[in-house]
Amino acid sequence: MNQQDIIAFIKQNDNAKIKYAFADIDGVLRGKIISRQKFLDGLNDGYGFCDVVWGWDSSDTPYDNGRTTGWHSGYPDAPVRLDLTTFRQIPWENNIPFFLADFSQPDGNDLAACPRSLLKRIAAQCQDMGYHAEYAQEFEWFNFRETPQSLHQKDFRNLETLTPGMFGYSILRPSLERSFYHDLFDLLSQFDIPLEGLHTETGPGVYEAAIIHDDVVRAADKAVLFKTAVREIAYRHGLVATFMAKWNADLPGCSGHIHQSLWSAEKTKNLFYDPARPNRMSELMSQFIAGQLYCLPHITPMFAPTVNSYKRLVEGAWAPTTVTWSVDNRTTALRVLNRTEAYTRVEHRVSGSDSNPYLAIAAALASGLYGIRHQLTLDIPASVGNGYVDKQHGVIPANLSEATRAMAKSSVANELFGAEFVDHFTRSRDWEWRQYVGQVSDWELKRYFEII
């Protein structure tokens with residue numbers, strides 16, 4: 001529907017309230033319910049929203065190193081604007097109208113810290129280069145027979161998973177929880193997040209879902225909404241879902257792989273596919289992969305943004321640790337899938353389930369376009385066999401601190417995303433790391449308390 005149709009729908013259906021949300025730097029959806037009149041009044045000039053959402057972390061603790069906003073600025077309102085093209089209704093909330101928003105400006109002078117605005121800028125660069133970017137993200141996550149209250153009462157220990165045992169790709173386990181399982185597939189589809197597939201992964205109570213591919217911005221919108229929608233649907237079944245990259249040291253981590261391809265502007269030809277070249281990979285695809293590999297060490301926090309992210313990125317845990325690529329090999333950072341033209345794509349396997357989809361997808365697209373723009377040659381050979389041992393072309397940073405320092409001083413990151421965004425984002429990651437190192441862990445107590 002166009003803007004006029006949406007306004008008419010809101011009026012004709014006598015909707016008394018509208019819900020909207022935007023993703024902050026951590027990918028957390030922040031938003032409000034507003035009245036119909038407030039919605040109509042703000043369509044042109046936007047709505048004031050306290051800019052503290054760009055000055056605090058995922059636990060609502062203000063940064064001590066922020067420049068975008070802070071005590072020094074008094075945390076004023078900033079204009080947030082609804083994107084009417086994102087209109088959908090929430091089926092599990094009586095079909096209340098819902099919109100995604102971002103901190104964009106009519107003159108293009110968007111808030112540099114806003115992840116959705118960043119992706120829109122990079123998508124526009126892609127379009128200006130003559131390409132249509134087709135993307136999708138897939139997620140793994142664990143489900144628990146807990147509530148928010150029980151999690152805190154148990155201090156996040158001894159949690160009951162949805163089902164016991166590993167049971168990857170099981171037909172049996174989803175049948176046991178069929179109401180939840182089918183609600184996920186059906187309600188997400190009704191919420192305009194259609195799934196390509198849904199199944200159990202290896203681990204107790206863990207599911208994996210692949211979202212159907214779409215235009216790059218719409219794909220990121222769907223990925224952002226997916227994570228919150230899954231949590232809300234889980235609540236309806238007395239469950240809690242987590243998208244932590246690694247919630248348990250003894251269990252596999254949770255990925256957020258990104259599937260990506262470039263098409264002709266009219267969307268009729270997959271520009272990554274060339275049957276006459278080795279591995280059926282076009283020169284454009286080779287340049288795209290070369291750019292992603294070259295940029296990866298400079299922008300790793302965009303794919304792995306938390307302290308916990310790096311607990312997943314370890315050898316032998318189904319997540320990459322090296323700057324590598326391959327054809328259909330799950331041990332490398334990039335995996336080429338090229339059996340048919342329609343489905344030829346690059347899977348970016350560094351991104352975790354805890355990633356902010358706007359930032360992870362923006363980083364994937366920007367780094368690929370970097371390779372095309374600079375006409376980089378893919379001089380790293382495809383890994384054969386175990387990609388974990390193929391370290392000659394570099395390794396992924398070992399922790400958030402190392403990755404953040406590399407990004408903060410990188411001219412490549414500044415070229416991709418702009419200095420103002422890089423400054424804000426790396427300051428937020430530095431803050432995140434400092435919150436971690438100031439804590440005393442259970443591991444330290446058990447190891448040192450009595451013996452040292």
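What follows is a chat about the terms used for this structure.

Modeller: This is a predicted model, so local features need pLDDT of at least 70 and side-chain atom pairs count only at pLDDT 80 or more, while totals for chains, interfaces and linings use all residues. Residues are numbered from 1 along each chain as its sequence is written, and side-chain values use heavy atoms, with hydrogens and water left out.

Colleague: What makes a group of residues a nonpolar core?

Modeller: Its members are buried Ala, Val, Leu, Ile, Met, Phe, Trp, Tyr and Cys residues joined through side-chain atoms within 4.5 Å. Buried means under 20% relative accessible area, against over 50% for exposed and in between for partly exposed (1.4 Å probe, protein chains only). The largest such core has 101 residues, and F226, L262 and F417 touch the most other members. Apart from it lies another core of 25 residues, including I18, I34, V52 and V80. In soluble globular proteins, nonpolar side chains tend to be buried together.

Colleague: Which residues of α3 are called buried?

Modeller: They are P115, R116, S117, L118, L119, I122, A123 and C126. The helix itself is a DSSP run (H or I, at least four residues; a strand is E, at least two), numbered from the N terminus. α3 covers residues 115-128, 14 residues in total. After α3 comes G130, with a positive phi near 95°.

Colleague: Why does the length of helix α6 agree with what it should span?

Modeller: The expected span is 1.5 Å times one less than the number of residues. Helix α6 (residues 178-190) has 13 residues and should therefore span 18 Å, and its end C-alpha atoms are 18 Å apart, so the two agree. Just after α6, D192 takes a positive phi of about 60°.

Colleague: What do the buried residues of α6 pack against?

Modeller: The buried ones are F180, Y181, D183, L184, L187 and L188. They pack against β6 (131-144), α5 (172-176), β7 (195-200), β8 (206-211) and α7 (216-236), where contact means heavy atoms within 4.5 Å.

Colleague: What makes a space a cavity and not a pocket?

Modeller: On a 1 Å grid over the protein atoms alone, a cavity is a set of points where a 1.4 Å probe fits but cannot get out, whereas a pocket is an open set with protein on both sides within 12 Å along at least five of seven lines; lining residues have an atom within 4 Å of a point. By this rule there are 2 cavities of 30 Å³ or more. Among the residues lining the largest cavity are L162, R173 and Y207.

Colleague: How many residues line the largest pocket?

Modeller: There are 50, of which F156, M244, K246, W247 and N308 lie nearest its centre. The largest pocket has about 2,700 Å³ of space, and α7 gives the most to its lining, with 6 residues.

Colleague: How do you know the class make-up of that lining?

Modeller: Ala, Val, Leu, Ile, Met, Phe, Trp, Tyr, Cys and Pro count as nonpolar, Asp, Glu, Lys and Arg as charged, and the others, Gly among them, as polar. By that count, the lining of the largest pocket has 22 nonpolar, 13 polar and 15 charged residues.

Conventions: Grid points are joined across faces, edges and corners, and a volume is the space filled by probe spheres set on the points.
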